[in-house]
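Open the model in your viewer and colour it by chain.

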There are 2 protein chains.
Amino acid sequence: MKIAICGYGNLGRGVECAVTAAKDMELFAVFTKRDPKSVKVATDVPVYNIDDILKYKDDIDVLVICAGSATDLPVMTPSLAKDFCVIDSFDTHASIPSHFAATDKAAKEGDKLALISAGWDPGMFSVNRLYSSAILPKGKDYTFWGKGVSQGHSDAIRRIAGVVDARQYTIPIESALEAVRSGKNPEFTTREKHLREYFVVAEDGADKARIENEIKTMPNYFANYDTIVHFITMEELKRDHSGIPHGGFVIRTGETGYSGENKHVIEYSLKLDSNPEFTASVITAYARAVCKMYKRGVRGCVTVFDVAPADLSPLSAEEIRATML
Amino acid sequence: MKIAICGYGNLGRGVECAVTAAKDMELFAVFTKRDPKSVKVATDVPVYNIDDILKYKDDIDVLVICAGSATDLPVMTPSLAKDFCVIDSFDTHASIPSHFAATDKAAKEGDKLALISAGWDPGMFSVNRLYSSAILPKGKDYTFWGKGVSQGHSDAIRRIAGVVDARQYTIPIESALEAVRSGKNPEFTTREKHLREYFVVAEDGADKARIENEIKTMPNYFANYDTIVHFITMEELKRDHSGIPHGGFVIRTGETGYSGENKHVIEYSLKLDSNPEFTASVITAYARAVCKMYKRGVRGCVTVFDVAPADLSPLSAEEIRATML
């Protein structure tokens, strides 16, 4: 199956690497809004300008759209879904219904298949929330994120006067995780589930107390959290905080029996060295499913909820049953 | 959707409870090999003899077959799949391909849909092995079981002369779990992954040293494990070991990047107060999927690998996308 990538940032680079490693996939091209000559790819795949993409309509089985959820994907995914089978990692949870509707309409018009919101949250975490709630209808879900770098929040801190660079980690609070696992069905405030830790490089002579106060009181970001601020040097930031790790936990506790006498805990967790590379790996597996489902006649927009696990694997149904069931 | 249960042991009782709790399901009947009058069910569902089951061919959407994998299911599932949509929890891993083939043939002959090997292992653990290996093709899987009661092994100990009753727990070795989570890709012997703990009630005056030695050297069961044997009273056994807890861990560690420079850990775990009730809850969710898939025209035999998560839920596609994605 021939895969193309549209957008070449961290996520696009991750998809390039994952597709290259898949024996049943071939990377056809990278498409970019920039001057193709200015884009240095990691492999020898050709780079084309996005304006030329329709020329390659018949050469691509699945187009992986690697762009931002805020403004790019709501336009790009429906637009491209008319001419290509597409997959994206749209992650603005509240806007998923409208993004789904627009993409479904476009894909049906073009007789194509689109899959939106692949990745780990939304994505693998969503799938686990669904499985667990279907199995244990009497129960309660908890999602914790981290320990990991929140790139958007790191950006927010960099806009504070006197900050040269910064990294923000979201950290799940261990005692909250333990309370959930114990089956106590706790109710948490925002502050009780996660704390936020900052590593900040300040300008020489900057007022660190003021910077710390601005971080801790930033509305919509950090005001509702307990925060730990560390001022470090640029060397330390580069040495100790250059990765983009992330992860988290989806836990459902529930009960069975006529009076709920038996308790059960289902826990799914991820510990990721590279958030974009793992997300890209999930997307690549779902691109395989898009290809298989399109060949079987599935059209319109689907999500991870509509994909049978077998469609993600390069192995045959017989091999899977014999080795993994 | 109308569900019937065939076989009324621990698992059948669990399905009865789970179906009763599901708002979109109705429990039609329990079928038994025994005299129906001798079977006391927990609800007011009618009990019929299995010999009369064909009378109810048109009244049942999905028949849940709750019987043993050793001798019953290999005969019952293919036989019933000709006339009913069926689901079972066949768990003899090595015989899955032949059980699948026989059931697939029967279901296709009868224009029905069958799902085999639902539960947690095979079942949810299998699904997690498949998802994780598709996402991280360069990686390694580990499955640990426990802490939990192995009912077959408990039975084996009871056959030793001088043993009145016994309970055997399989316990994953914490240091092995930690070695896996650290991404070291360890290779384990049987002895290094699990240990086995026994609680044995001996006859008055029995030779405990001989019993302990017979347990520890029992071939195919315990000879390859480190074992801990406790002799307790019948009162202690009943007080402290009457439950049927189980659980376990499926962990995949893998790497991404052109030189495998980024490591990732995906972990799925279960902690279950009641093994049969949880298994029954999984089967009940998959019975819902069998019903939906049959209505869409799917025929023959399928497994958990072929079921899209959305089909397990009583919620609509719109509700799922809005609340869980």
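This is a predicted model: local features need pLDDT of at least 70, side-chain atom pairs count only at pLDDT 80 or more; totals for chains, interfaces and linings use all residues.

Now switch to polar contacts across the same interface. Here 27 residue pairs qualify, both partners at pLDDT 80 or more.

Next, select the side of chain B that touches chain A. Pick these elements of chain B: α1 (10–21), α3 (96–109), α4 (124–135), β13 (262–272), α10 (275–295) and α11 (317–324). Each gives two or more residues to that side. The largest share comes from β13(B), with 11 residues. Colour the side by class: 35 residues are nonpolar, 16 polar and 15 charged.

Zoom in on β13 in both chains. Strand β13 (residues 262–272) of chain A pairs with β13(B) in the antiparallel sense. Nine bridges join the two strands.

Zoom out and show the whole contact. Chain B puts in 66 residues, and chain A puts in 66 residues. The buried area between the chains is about 5500 Å². Carbon and sulfur atoms give 66% of that area.

Last, superpose chain B on chain A. What rotation does this take? It takes 180°, with 0.0 Å of shift along the axis, and the RMSD is 0.1 Å. The two copies are therefore related as by a two-fold rotation axis. The same surface serves both copies: 100% of the contact residues of chain B recur in chain A.

Key: Residues are numbered from 1 along each chain as its sequence is written. Chains are lettered from A and ligands numbered from 1 in the order in which they are written. Side-chain values use heavy atoms; hydrogens and water are left out. Copies are superposed by least squares on the C-alpha atoms of residues with pLDDT of at least 70 in both. Contact means heavy atoms within 4.5 Å. Buried area is the accessible area (1.4 Å probe) that two parts lose on being put together, summed over both. A polar contact is a pair of N or O atoms within 3.5 Å; within protein, one must be able to donate a hydrogen and the other to accept it, and residues adjacent in sequence count only if both atoms are side-chain atoms. Helices (H or I, at least four residues) and strands (E, at least two) are DSSP runs, numbered from the N terminus. Ala, Val, Leu, Ile, Met, Phe, Trp, Tyr, Cys and Pro count as nonpolar, Asp, Glu, Lys and Arg as charged, and the others, Gly among them, as polar. Two strands pair if DSSP finds at least two bridges between them.
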